[in-house]
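Subject: A structure for you

Hello,

Here is the structure I promised. Please open it first, then read my notes below.

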Amino acid sequence: MSSRASGKRRGAPRAGSPTPLATHRRRTAAYVTLGLLVATAIWAVAGAPIPGRSESPATTAANPRDGKALYITHCASCHGERGEGQPDWKTKKADGTYPAPPHDPSGHTWHHADGLLFRIVRDGGQVAGGPGIRSAMPAWNDTLTDAQIRATLEYIKTLWGPAERKAQANASVSDPYP
Ligand code: HEC
């Protein structure tokens, strides 16, 4: 063994120096390890998002500030920048749907518990309204995560006064966020 090894090394530029291939392999291994560490860190910080919408309310607090940006991007076109809704929102349209209602205290969003509001946003007005209901409220489950839906609803709550917030919090006791 020793004679074979020394025989092989004779004439090499530096005895014991790794071959370029070995160095490459070691570097690749280092990069893969580093990549895994970074991915794990991102996964941990992001709260293990996707696949399968599996976040739980306990681990992902809904943040109204994130919710405002989401609301402006996805909801304001129908419900209004300040939650004022569309004109004549109580009057049925020719196609059997209603205009988008306000989310501010003049509407009735604050009459509904967290659970129902969540289901309306996730599954759409059609599903939440039951059979025979025609609704122009889209389902957001393909666009927003559960945490983002909660954050958007928490933002809507900032449009209410103390009385609306208290009444809605009471209503949510028996039907909380999923
Ligand atoms: C294309 C227009 C449109 C968009 C965009 C839209 N909505 Fe709606 N939304 C409606 C309509 C119309 C209704 C009333 C549904 C009905 O009566 O069938 C509604 C109803 C609701 C309700 C129930 C309100 C109540 O008082 O009962 C909530 C909550 C709601 N939307 C939240 C949202 C959120 C959050 C977003 C953004 C992620 C959003 N909507 C985006 C049209 C829209």
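How many helices and strands does the chain have? It has 7 helices and 0 strands. Here helices (H or I, at least four residues) and strands (E, at least two) are DSSP runs, numbered from the N terminus.

Two notes on reading it. Residues are numbered from 1 along each chain as its sequence is written. The model is predicted, so local features need pLDDT of at least 70, side-chain atom pairs count only at pLDDT 80 or more, and totals for chains, interfaces and linings use all residues.

Now the ligand. Of the 24 residues around it, Cys75, Cys78, Gly125, Ser135 and Met137 come nearest. (A residue is near if its C-beta atom, placed from the backbone, lies within 6 Å of the molecule.) Two or more residues of this shell come from each of α4 (76-79) and α5 (114-129). α5 gives the most, with 5 residues.

Next, helix α6, residues 146-157. The end C-alpha atoms are 17 Å apart, which agrees. In α6, 10 of the 12 residues are buried, so the rest of the structure largely encloses this helix. (Buried means 20 or more other C-beta atoms within 10 Å of the residue's own, all placed from the backbone.) Among the buried ones are Arg150 and Glu154. Their cover includes α3 (64-74) and α5. Across the chain, 17% of the 178 residues count as buried.

Best wishes

Note on methods:
The expected span of a helix is 1.5 Å times one less than its number of residues. Two residues are in contact if their C-beta atoms, placed from the backbone, lie within 7 Å.
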